[in-house]
Amino acid sequence: MSDASPPIQPVSPPPPPAPPPGLNLRLVLHIVYGLYAIGFITGGMGWLAAVVLCYVKKGDAAGTVYSSHFEWVLRTFWWSVLWFAVSALLALILIGWVGVFVTLVWVLYRVIKGWLTLAEGRSIGAMV
């Protein structure tokens, strides 16, 4: 009889966890910001599509860095609706057009800031 022991097999590390099923949240947010940008050309129709997509996917982002982006987009939408409505009322006395312009610039700023922050892989920060 031989005292030869079987060869030692190297231990391999466990495989990485499988990505969750469904769309990648980062991709979804790029689509959302893209729809928002297209909304400037389509008269706001892209904004509506972006908001619907945000509400559908918002729950999947809970506890992730992307959660703040969903909130950022939704707050941008609802605040812009408010300020467009106020500006429309003020347009009856011809001063509302300034409000419309300021609101459009504000929305553009928030879309650019959010999209650049997403590209860097960071949360959006303060919910202003």
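**Terms and their grounds**

Mentor: In this predicted model, valine 86 is found in helix H3, which covers residues 67-91.

Trainee: Why is valine 86 called partly exposed?

Mentor: Its relative accessibility is 30%, and since buried means under 20% and exposed over 50%, with partly exposed in between, valine 86 counts as partly exposed.

Trainee: What makes the span of H3 close to the expected one?

Mentor: H3 has 25 residues and reaches 36 Å from its first C-alpha to its last, and the expectation at 1.5 Å a residue is 36 Å.

Trainee: Which helices are included in what covers the buried residues of H3?

Mentor: The cover includes helix H1 (25-39), helix H2 (45-57) and helix H4 (96-119), and the buried residues of H3 include Phe70, Trp72 and Phe77.

Trainee: How do you know that the buried residues of H2 line one face of the helix?

Mentor: The buried residues are Gly46, Trp47, Ala50, Val51, Cys54 and Lys57; seen down the axis of H2, they fall within an arc of 140°, so they line one face. These buried residues pack against H1, H3 and H4, whereas Met45, Val52 and Val56, on the other side of H2, are exposed.

Trainee: And why is phenylalanine 40 called partly exposed?

Mentor: Phenylalanine 40, found in the loop between H1 and H2, has a relative accessible area of 30%, which lies between the 20% and 50% cut-offs, so it is partly exposed. Together with Ile41, Leu104, Leu108, Ile112 and Leu116, Phe40 makes a nonpolar surface patch of about 560 Å².

Definitions and conventions
Residues numbered from 1 in each chain as written. Predicted model: local features only at pLDDT ≥ 70, side-chain atom pairs only at ≥ 80, totals over all residues. Heavy atoms only, no water. Helix = DSSP H or I, 4+ residues; strand = E, 2+ residues; numbered from the N terminus. Buried < 20%, exposed > 50% of the residue type's maximum accessible area, 1.4 Å probe, protein only. Expected span 1.5 Å × (residues − 1). Contact = heavy atoms within 4.5 Å. Patch = residues over 30% accessible without salt bridge, like charges linked within 9 Å, V, L, I, M, F, W, Y side chains within 5 Å. Areas by Shrake-Rupley, 256 points an atom, 1.4 Å probe, with all protein chains shown as cover. Salt bridge = Lys/Arg side-chain N within 4 Å of Asp/Glu carboxyl O. Arc of directions from axis to C-beta.
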